[in-house]
Amino acid sequence: MSAGGPLPAALRLGAAALLAAALLAGVHALTRGPIAAAERRAALDALGIVLPARTYDNDPLADTVDVQAPAWLGRGHARLQRARLRGGPAALVLPVTAPDGYGGPIDLLVAVDAGGRILGVRVTAHRETPGLGDDIDARRSDWITRFTGRALGDPPEDRWAVRRDGGDFDQFAGATVTPRAVVEAVQRALGFVRAHGEAVWSAPAGSRQRFDDAPPAPAAPPAEAADAPTDEGVRR
Ligand SMILES: Cc1cc2nc3c(=O)[nH]c(=O)nc-3n(C[C@H](O)[C@H](O)[C@H](O)COP(=O)(O)O)c2cc1C
């Protein structure tokens, strides 16, 4: 066997592999911190859009409860964030999905204050048709901001619907499916907070909670409202 035979070659290969692994581990260690910081900044930016920074003084990203309440929140798993001010409850931030958008599920972030009033709603992901259903996106129109300040009972329960269905929220020209799905999802999120908010607030941070009950079905629209298409309440 010569000095340049199979054993030294295998050793050289092994050494190269070890060196590569060490380099990768080094790069990972160096970038882990900055990546985590960037992720945290992005999460705080997203939170800031629905939850004004002046409304809380804790770290909502660290004060979370993992909730399984698919019938209420439209998704299998939702990590709820709890915002507190001087130790007291300030707001819950809920990731919510409207499962029945025109193009598929519509993801939302909904912030609800301790009195059950909406602080902000934003669409975080959707596949609605550009020019028809995408006015739910805050970059396209201010439609989604109309939820701010609303609560269950304001408007009354049977008016939590698009105008076409006898409710208080505008639909879009030629596109009722999308805004209807969003209105219903936001109303369900408020219903969840009313039914289970206390349980969420009293759960230990980082815990998992499961809620298997379901919200009441939305009231059927009045026949005359559903049958008679009109321009009233259409946002162009
Ligand atoms: C190609 C295509 C894309 C559509 N995209 C949407 C949409 O994104 N959102 C929506 O609500 N309706 C969309 N619609 C219209 C719906 O099929 C439905 O007619 C409408 O939502 C009902 O609203 P209207 O009662 O005001 O007509 C689309 C229709 C077509 C043909």
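This is a predicted model: local features need pLDDT of at least 70, side-chain atom pairs count only at pLDDT 80 or more; totals for chains, interfaces and linings use all residues.
Now widen the view. β4 and β5 belong to an open sheet of 6 strands, ordered β5-β4-β3-β2-β1-β7. Pairing in the sheet is mixed. Its edge strands are β5 (118-125) and β7 (208-210), and each of them pairs on one side only. On average, neighbouring strands are turned by 25° against each other, with direction ignored.

Which helix packs on this sheet? Helix α3, residues 177-202, does. The helix touches β1 (64-68), β2 (78-85) and β3 (88-98), and also β4, β5 and β7. The direction of α3 makes about 140° with that of β3.

The largest nonpolar core holds 47 residues. The residues with the most contacts inside this core are A91, V93, L94, L108, V110, V112 and A189. At least two core residues come from each of α1 (6-50), β1, α2 (70-73), β2, β3, β4, β5 and α3. Helix α3 gives the most, with 10 residues.

Take L108 as a point of entry. Leave aside residues up to four places away in sequence, and L108 touches V96, A98, V121, R122, V123, T124, V182 and A185.

Turn to the loops. R86 is found between β2 and β3. Phi of R86 is near 45°, a positive value in a residue other than glycine. Is R86 buried or exposed? R86 has 8 other C-beta atoms within 10 Å, so it counts as exposed, the cut-off for that class being 12 or fewer.

A cis peptide bond joins D154 and P155, with omega at about 5°.

Finally, the ligand. Which residues surround it? The shell consists of Y102, G103, E128, T129, L132, G133, Q171, G174, A175, T176, V177 and T178. By class, the shell divides into 4 nonpolar, 7 polar and 1 charged residue. Among the shell residues is V177, and helix α3 covers residues 177-202.

How values were computed
Residues are numbered from 1 along each chain as its sequence is written. A residue is near a molecule or strand if its C-beta atom, placed from the backbone, lies within 6 Å of it. Ala, Val, Leu, Ile, Met, Phe, Trp, Tyr, Cys and Pro count as nonpolar, Asp, Glu, Lys and Arg as charged, and the others, Gly among them, as polar. Two strands pair if DSSP finds at least two bridges between them. Helices (H or I, at least four residues) and strands (E, at least two) are DSSP runs, numbered from the N terminus. Axes are lines fitted to C-alpha atoms, for helices over the stretch in contact, and angles run from 0 to 180 degrees between N-to-C directions. Two residues are in contact if their C-beta atoms, placed from the backbone, lie within 7 Å. A nonpolar core is a set of buried Ala, Val, Leu, Ile, Met, Phe, Trp, Tyr and Cys residues joined through C-beta atoms within 7 Å. A residue is buried if 20 or more other C-beta atoms lie within 10 Å of its own, exposed if 12 or fewer, and partly exposed in between; C-beta atoms are placed from the backbone.
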